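I opened the model to look up a few surface and packing features. My entries follow the display.

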Amino acid sequence: MKLSEPSPGIPGQGVPAPDDIARTWADVVSTARRSTADQLVVGTSGNVSARVGDVVLVTPSGVPYDRLGPADAVGVDLDGRQVLGTLAPTSELPMHLAVYRATGAAAIVHTHAVHATAVSLLVGELPAVHYMTAALGGPVRVAPYALYGTEELAGHVLAALDGRTGCLMRNHGTLTHGDTLDQAYDRTAQLEWMCRLWLAASSVPGGTPALLSPDQLAQAAEKLSGYGQKP
């Protein structure tokens, strides 16, 4: 894999080492395949990316994930100029780049998950139906519809992500970001589960789902900050 120099003036860590590129690309492909196996996408829908220095590695447009190998890596700089590979990057590249430029994200997962997309058709925000809402920064907003692959959609997504690590996109799907691909993917899976929960509770005739208060979410967020194994 040959990587050209990023254009001058782009902030970041410069040209990443080939081993870092190879390892991260393998993680991107693995995560994309996982989204298919978990039925969060169908066919070549959805996309995955990860940032290494000033390079964003992203799944290509219209190529089944099981066909991708080490030689198929696709990389662009933060202005969208292709610096690695010959395959065309995903059509959703503007959305990925907008998130990387505006946040500290190192990885992004975009899916067309069924339950999450269904919720995007019904409400402007996924209510706080579970304490894991706190892991995404609060009730998950729905970005207004815009044609896929456009700067308009990228702008809507950035607004919906303000103070959040995930959002829904009306008539489209989900986007989550994180410090690692595993974290971004876990947030996607959690968001899909919460959407499924809300749909199930909302469908009970005469029932109204109980929601958590901002104070309860804040308590959950504080406790989640210490969750898991300590280094």
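Which residues form a nonpolar patch on the surface? I found Tyr-145, Leu-147 and Tyr-148, with about 360 Å² of accessible area together. Patch members have over 30% relative accessible area and no salt bridge, with nonpolar side chains (Val, Leu, Ile, Met, Phe, Trp, Tyr) joined within 5 Å and like charges within 9 Å. Accessible areas come from the Shrake-Rupley method with a 1.4 Å probe, and for residues only the protein chains shown count as cover.

The model is predicted: local features need pLDDT of at least 70, side-chain atom pairs count only at pLDDT 80 or more, and totals for chains, interfaces and linings use all residues. Residues are numbered from 1 along each chain as its sequence is written, and side-chain values use heavy atoms, with hydrogens and water left out.

I placed Leu-147 in the loop between strand 7 (140–143) and helix 4 (151–161). Helices (H or I, at least four residues) and strands (E, at least two) are DSSP runs, numbered from the N terminus.

Next I checked helix 2 (residues 93–102) against helix 4: the angle is about 40°, with the axes 8 Å apart. Axes are lines fitted to C-alpha atoms, for helices over the stretch in contact, and angles run from 0 to 180 degrees between N-to-C directions. Helix 2 and helix 4 are therefore oblique to each other (under 35 degrees is roughly parallel, over 145 roughly antiparallel, 65 to 115 roughly perpendicular, the rest oblique). On the helix 2 side, the contact (heavy atoms within 4.5 Å) includes Pro-94 and Met-95.

Last, I looked up salt bridges (a side-chain nitrogen of Lys or Arg within 4 Å of a carboxyl oxygen of Asp or Glu). The structure holds 5. In one of them, Arg-23 meets Asp-20 at 2.4 Å, N to O. Both lie in helix 1, 3 residues apart.
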